[in-house]
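Thank you all for making the time this morning. I would like to walk through one protein with you, so please have the sequence and the structure open while I talk.

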Amino acid sequence: MFPTTLLTTLLLALSVAANPVIIQRSPVSLGISRRVNVTSVHNLVRHDQNRAKALKAKGAAKAAGLPIQSDAVINEQVDNQAVTYIASVGVGSPATTYSLLIDTGSSNTWVGATQAYVKTSTSTQTTNKVSVTYGSGSFSGTEFTDQVTIASGLVIPKQSIGVASTSTGFEGVDGILGIGPVDLTLDTLSPATNTLIPTVTDNLFSAKTITANQIGISFEPTTTDEILNGEITWGGTDSSKFTGSITFIPLTTTSPASEFWGINQSVRYGASTSILATTAGIVDTGTTLVLLATNGFTKYRTATGGVLDSTTGLLRITAAQFSNLQSLFFTTGGATFELTANAQLWPRSLNADIGGIASRIYLIVNDLGSNSGEGLDFINGFGFLERFYSVFDTANKRVGFANTAFTKATTN
């Protein structure tokens, strides 16, 4: 006879196989933590602008059919990312838990930046080396396949992962959980430069562990250095995390934004001040700020009256200017999303963490570093995503936004 536990496992497996719709009704969610990296004073703008340069260069190289790694490296000063969302992910069997940065702007998953990779019986080294540059950081090492456990019920038996031998710009985290488009993995392996690496979402979908090739992400604004206040849902969305309906926006066809989670949108300040006409840009969890093309940022700076703060790199406004600060309106997919005056602020209780002065008011909208018309004219980073629910739908090539209970919160 079968042991009781084995029989239970077999019956459960048969039940899931016979009724896959159950998974569809119950997507699996993973709690994620917002962390402010206080290991050093950060220049948020420099980090995000360097990342933007790298993303644009990589996208342009890929669109032109050029090798991404050799033609898109941006040599800039390295800054650890100041604000990250972290997922605890198990690798191996028995699993070692790693704190991985969630990144929609890249697609390789890797470990070893802080905590060393632990080989187990499920670890298999391939013949490939792997390397990725991020503009303000990089890693290089060896490709392995290994069992990856994202959450209970989300186990990938043979996920390609990078094991870092060197890394820069990732102090305080162990690596990255890459959930961008799979094409971003092209040219990251050597010698298999033409091989794409299926992402964790791709592998979960192909194994029918999830029945929709999409993820939903909930971020929430906070005023503390570290807190478990986010969620990723694999295979669907979590209706408890948003209000109203989700507006879906088709991915842009404008390069280089089209190589990422790129959309078309316009930006308006207040009732009638146009900041950016409809143009292409990207949605990126690896960017802390909301970045606008230089010509749009100049209009925003004029409208707000903000001055550049030399220490943080952020715009700074007075209390009187804040009382008159208008909302920013992002129009995309036939809907308009309001980034309120409070949502445009860096959390004032965290000013010291970025080298700021406690009594001052800093804005999270800043300069992309290039004028509009280059095919990637804005980045909707954390400053935007913490106020809206977002969906990244690979199967239907679209991004979704919805309002949340925090869209108009006065947290900051």
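How many bridges join strand 13 to strand 14, and do the two run parallel or antiparallel? Before I answer, please keep in mind that what you see is a predicted model. Strand 13, which covers residues 262-269, and strand 14, which covers residues 273-283, are joined by seven bridges and run antiparallel. If you want a place to look, find Arg268, which stands opposite Ser274 in strand 14.

These two strands belong to an open sheet of seven strands, in the order 19-18-13-14-22-15-21, and the pairing in this sheet is mixed. At its edges are strand 19, residues 335-339, and strand 21, residues 365-367, each of which pairs on one side only. Ignoring direction, neighbouring strands of this sheet are turned by 35 degrees against each other on average. Helix 6, residues 294-304, lies across strands 13, 14, 15, 18 and 21, and runs at about 135 degrees to strand 14.

Let me turn now to another set of strands, around strand 8. Strand 8, residues 175-178, runs parallel to strand 3, residues 96-103, and four bridges join them; here Leu100 stands opposite Gly175. Strand 8 also runs antiparallel to strand 4, residues 110-111, to which two bridges join it, and in that pairing Ile176 is the bridge partner of Trp110.

Is Gln214 buried or exposed? Gln214 counts as buried because its relative accessible area is 12%, and the cut-off for buried is under 20%. Leaving aside residues up to four places away in sequence, Gln214 touches a set of residues that includes Thr201, Thr233, Trp234, Val391 and Phe392. Asp393 is also among the residues it touches, and the side chains of Gln214 and Asp393 are joined by a polar contact of 3.3 Å.

Finally, the protein as a whole: there are eight helices and 24 strands, and buried residues make up 56% of the 412 residues. Of the contacts with a separation of 6 or more, 68% are between residues 24 or more positions apart. The accessible surface comes to about 16,100 Å², and carbon and sulfur atoms account for 54% of that surface.

Terms used:
Residues numbered from 1 in each chain as written. Predicted model: local features only at pLDDT ≥ 70, side-chain atom pairs only at ≥ 80, totals over all residues. Heavy atoms only, no water. Pairing = 2+ DSSP bridges. Buried < 20%, exposed > 50% of the residue type's maximum accessible area, 1.4 Å probe, protein only. Polar contact = N/O pair within 3.5 Å; in protein donor to acceptor, adjacent residues only side chain to side chain. Contact = heavy atoms within 4.5 Å. Areas by Shrake-Rupley, 256 points an atom, 1.4 Å probe, with all protein chains shown as cover. Axes fitted to C-alpha atoms, helices over the stretch in contact; angles between N-to-C directions.
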